[in-house]
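Reader: I'm new to this one, so please pick a single part and walk me through it slowly. A close look at one spot would help me more than a quick tour.

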Amino acid sequence: MLKITNEAKEVLDQHFEGKDKEPIRIYIASACSGSRLALGLDAAKEGDETITLEGYDFVLDKDLLDQAKPMEINLTPMGIEVSSSLVFEAPSEGGSCCGSCGSCG
């Protein structure tokens with residue numbers, strides 16, 4: 001259902017060192033580079049599933065969990081990434097204005 005690699009857990013451990021561990025939401029983030037699964041700090045809401053893994057509570061919408069499982073949280077050269085069975089459409093070549101219209105980042 002949900003796994004986390006040792007490398008990703010180490011990054012979370014470093015982030016929360018000396019702090020209370022807050023719930024971590026897995027959600028779909030959309031940007032000019034396309035949609036992807038992302039992580040953010042957020043409390044559980046009605047309709048969420050909470051998965052406790054390696055000392056962390058991961059929360060996500062139950063429908064998203066059903067669509068995306070299995071999922072894995074891993075560390076890449078670009079940071080922590082959530083991989084899943086979901087397939088996101090690649091942005092169209094003309095559909096992105098990153099670097100030219102200033103709407104991203």
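Author: Strands here are DSSP runs of E with at least two residues, helices are runs of H or I with at least four, and both are numbered from the N terminus. This is a predicted model, where local features need pLDDT of at least 70 and side-chain atom pairs count only at pLDDT 80 or more, while totals for chains, interfaces and linings use all residues. Residues are numbered from 1 along each chain as its sequence is written, and side-chain values use heavy atoms, with hydrogens and water left out.

Let's settle on Arg-25, which sits in strand β2. That strand covers residues 24-31 and runs antiparallel to β3, with eight bridges joining the two (DSSP has to find at least two bridges for strands to pair). Put together, β2 and β3 make a hairpin, and two residues lie between them. Look at Ile-24 too: its opposite number in β3 is Leu-41.

Back to Arg-25. Is it buried or exposed? Arg-25 counts as buried because its relative accessibility is 11% (buried is under 20% relative accessible area, exposed over 50%, partly exposed in between, using a 1.4 Å probe and protein chains only).

So what does the side chain of Arg-25 reach? At 3.1 Å, there's the backbone oxygen of Ala-43. Now leave aside the neighbours within four places in sequence: Arg-25 is still in contact (heavy atoms within 4.5 Å) with Ala-38, Leu-39 and Gly-40, then Asp-42, Ala-43, Ala-44, Lys-45 and Asp-48, and also Val-59, Leu-60 and Asp-61.

Conventions:
Polar contact = N/O pair within 3.5 Å; in protein donor to acceptor, adjacent residues only side chain to side chain.
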